[in-house]
Amino acid sequence: MERFFGGNPGLVVVRLAILSLVVGVMLAALGFSPFDILESIRELIVRIYDLGWTAVEKAGRYFLLGAVIVFPVWFIARLLKMLGRGTRGDLIDVNSRNREA
């Protein structure tokens, strides 16, 4: 247990209590309250959460904007590739008709 606390647990708790009291007096002198600090932390978490979802929303919009172009072009390219196949299933070579004659 002492290894976790870094010394005698009782003494560590007393040191932490005294340090908390000193820091509390300094923050009170500066006009802070525990509720203000907790509210600020909550607002920070909400803002970060909102920023995260805003980024996801923007990425989704960019994806849809690109998909409107990319997917139809891909589909048309696939159709043209399938229509250009010969009887054996290979692509037709435009230069092959000159070699066969």
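In which helix do Tyr 49 and Trp 53 both lie, and how many residues apart are they? Both lie in helix H3 (residues 34-83), four residues apart, or about one turn of the helix.

## Model and confidence

This is a predicted model, in which local features need pLDDT of at least 70 and side-chain atom pairs count only at pLDDT 80 or more, while totals for chains, interfaces and linings use all residues. Residues are numbered from 1 along each chain as its sequence is written, and side-chain values use heavy atoms, with hydrogens and water left out.

The protein chain has a mean pLDDT of 83 (pLDDT being the predictor's confidence in each residue, from 0 to 100), and 84% of its residues reach 70 or more. Among the elements, the highest mean pLDDT, 91, belongs to helix H2 (residues 9-29), and the lowest, 56, to helix H4 (residues 96-100).

## Secondary structure

The protein chain has four helices and zero strands; its elements run α-α-α-α from the N terminus on. Helices (H or I, at least four residues) and strands (E, at least two) are DSSP runs, numbered from the N terminus.

Helix H2 has 21 residues and spans 30 Å from its first C-alpha to its last, close to the 30 Å expected at 1.5 Å a residue. The expected span is 1.5 Å times one less than the number of residues. Just after H2, Gly 31 adopts a positive phi of about 95 degrees. Helix H3 has 50 residues and reaches 72 Å between its first and last C-alpha, close to an expected 74 Å. H3 bends by about 40 degrees at Ala 67, the bend being the angle between axes fitted to the seven residues ending there and the seven starting there.

## Surface

The accessible surface of the protein chain is about 9600 Å², of which carbon and sulfur atoms contribute 71%. Accessible areas come from the Shrake-Rupley method with a 1.4 Å probe; for residues, only the protein chains shown count as cover. Of the 101 residues in the chain, 2% are buried, where buried means under 20% relative accessible area, exposed over 50% and partly exposed in between (1.4 Å probe, protein chains only).

## Aromatic pair

The structure holds one aromatic pair. Tyr 49 and Trp 53 form this pair edge-to-face, at 6.1 Å centre to centre and with 70 degrees between the planes. Rings of Phe, Tyr and Trp (its six-membered ring) pair if their centres lie within 6.5 Å; planes under 30 degrees apart count as stacked, over 60 as edge-to-face and the rest as tilted.

Tyr 49 is exposed at 52% relative accessible area, whereas Trp 53 is partly exposed at 48%. An α-helix has 3.6 residues a turn, so residues three or four places apart point the same way.

## Salt bridges

A search of the whole structure finds two salt bridges, each defined as a side-chain nitrogen of Lys or Arg within 4 Å of a carboxyl oxygen of Asp or Glu. Side chains of opposite charge can pair when their charged atoms come close.

Glu 39 and Arg 42 meet in a salt bridge at 2.8 Å, N to O. They are three residues apart in helix H3, about one helical turn; Glu 39 is partly exposed at 33%, and Arg 42 is partly exposed at 46%. Glu 57 forms a salt bridge with Arg 61, with the closest N and O atoms 3.0 Å apart. Glu 57 and Arg 61 are four residues apart in H3, again about one helical turn. Glu 57 is partly exposed at 44%, whereas Arg 61 is exposed at 57%.
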